[in-house]
Amino acid sequence: MQEQEPIHEGSRKEVMAYLEPFMLNEMSEYLKPVEQMWQPADFLPDASRDTFFQEVKDLQESAKELSYDTVAVLIGDTITEEALPTYESWLTMVEDVSKNGQGGWMKWVRAWTAEENRHGDLLNKYLYLSGRVDMRQMEISTQYLIQDGFEIGTGHDPYRNFIYTSFQELATNVSHRRVAGLAKQSGDKLLAKMCGVIASDEARHAKAYMSFIKKASEVDPNEVLIAFADMMRHKIVMPAHFLREMGVNIGQTFGHFTDAAQRLGVYTSVDYVDIMKTLITEWNVESMRNLNEAGEKARDYVMTLPDRLMRVAERVRLPNIEYKFKWIHG
């Protein structure tokens, strides 16, 4: 058996080459064959059936019971999912990974994108049929978000990108799962089911990105920890942080969207801290060994941060002023 060549500390290129076969091997665990996946058509009224208009009417009756904030958060989540072209192009620009079309990273990016694409398709069609949404205003916000792009502080560094996607997939899992719960409470069983299956996808994807970082930390723990600490120091921003409506400055609508999410308890400051704790546990940060001075310093920072942030989160006052979104009728 041929021994693994030693990897030079801090060499992203060598580590990513080491990860490529792992990614190829793990894809079957974290991604599903197309033939076995749910599709938006599985949940939506079928226009070819005689019962179509009655099904749409039933959908609209259920949607009427959703609170204003729930609809606003659902629209914001949908626009975030619809900005997928931005995320795919960002992931293909990660440095030090093979751009071989059949290599582990590029195959992962394409397959991940294909799975994620179903989320926006499903929610967009639900919102259109619900009758509660000004689709033109929502579509304008989607076009703005794709056009404006984002700046999330990862650069083209694979470690920072994997840390970000691990965090973000866990966050979207929380958000979709909580919206599913609110929909169920309101009697909208169809929406609850939709958001539930999307949340399940996000959970699988989070496990994949977390596994990439865990594998990288086996051979380059210092640089992984330094990247983790740096991302936490600058805070994880959501991919839709440039969200805006027509006539509104970049990012201004995002603040109102997050206020609604906080009021509902869909995604809060406490959730942010809980996700950080999940990553610390998943990556065994406390027990990492063979660290240099910079690695130890980064670990100390990461390990003490959740308690500090939780004290801040517990003092956050929930915004109680409802904003009137251009997206929502009435």
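What follows is a short report on a predicted model.

**Pockets and cavity**

Rolling a probe the size of a water molecule over the atoms shows where empty space is left.

| Space | Volume | Lining by class | Largest contributor |
|---|---|---|---|
| Largest pocket | about 790 Å³ | 24 nonpolar, eleven polar, six charged | α7, eight residues |
| Second largest pocket | about 160 Å³ | five nonpolar, one polar, five charged | α2, four residues |
| Largest cavity | about 40 Å³ | seven nonpolar, one polar, one charged | α5, three residues |

Start with the largest pocket, which holds about 790 Å³ of space. Its lining counts 41 residues, and Gln168, Ala171, Val237, Met238 and Tyr267 are the closest to the centre. Helix α7 gives the most, with eight residues. By class, the lining divides into 24 nonpolar, eleven polar and six charged residues.

The second largest pocket holds about 160 Å³. Asp42, Phe43, Leu44, Pro45, Arg49, Glu55, Asp58, Leu59, Ser62, Asp188 and Leu190 line this pocket. Helix α2 (residues 52–63) provides the largest share, four residues. Here the lining has five nonpolar and five charged residues, plus one polar.

What about enclosed space? The count comes to one cavity of 30 Å³ or more. The volume of the largest cavity is about 40 Å³. Its lining consists of Ala63, Leu66, Val71, Leu74, Tyr126, Leu127, Ser130, Arg132 and Val133. Helices α3 and α5 are the elements that give two or more residues to this lining. Helix α5 gives the most, three residues. Seven of the lining residues are nonpolar, one is polar and one is charged.

**Helix α4**

Which of its residues are buried? They are Leu84, Thr86, Tyr87, Trp90 and Leu91. These five cover an arc of only 155 degrees around the axis, so they sit on the same side of α4. The packing partners of these buried residues are α3, α5, α6 (135–148), α7 and α8 (189–219).

**Aromatic rings**

A pair of aromatic rings is described by the distance of the centres and the angle of the planes. The structure holds 17 aromatic pairs. One of them joins Trp105 and Phe162: the ring centres are 5.2 Å apart and the planes stand at 55 degrees, so the pair is tilted. Trp105 belongs to helix α5 and Phe162 to helix α7, so the pair ties together parts that are 57 residues apart in sequence. Is Trp105 buried or exposed? Trp105 is buried, with a relative accessible area of 0%. Phe162 is buried too, at a relative accessible area of 0%.

Now take Phe325 and Trp327. Their ring centres are 4.9 Å apart and their planes lie at 15 degrees, so this pair is stacked. Both residues, Phe325 and Trp327, are buried.

Together with Trp108, Trp112, Tyr209 and Phe212 they form one aromatic cluster.

**Backbone angles**

Most residues other than glycine have a negative phi, and most peptide bonds are trans. Two residues here call for a check of phi.

Lys235 has a phi near 70 degrees, a positive value in a residue other than glycine. This lysine lies in the loop between α9 (221–233) and α10. Lys235 is exposed, because its relative accessible area of 52% is over the 50% cut-off.

Asn284 has a phi near 50 degrees, again a positive value in a residue other than glycine. Its place is in the loop between α11 and α12. How accessible is Asn284? Its relative accessibility is 38%, so Asn284 counts as partly exposed.

Methods: Residues numbered from 1 in each chain as written. Predicted model: local features only at pLDDT ≥ 70, side-chain atom pairs only at ≥ 80, totals over all residues. Heavy atoms only, no water. 1 Å grid on protein atoms, 1.4 Å probe; cavity = no way out; pocket = protein on both sides within 12 Å on 5 of 7 lines; lining within 4 Å. Points joined across faces, edges and corners; volume = space filled by probe spheres on them. Nonpolar A, V, L, I, M, F, W, Y, C, P; charged D, E, K, R; others polar. Buried < 20%, exposed > 50% of the residue type's maximum accessible area, 1.4 Å probe, protein only. Arc of directions from axis to C-beta. Contact = heavy atoms within 4.5 Å. Phe/Tyr/Trp six-rings, centres within 6.5 Å; stacked < 30°, edge-to-face > 60°.
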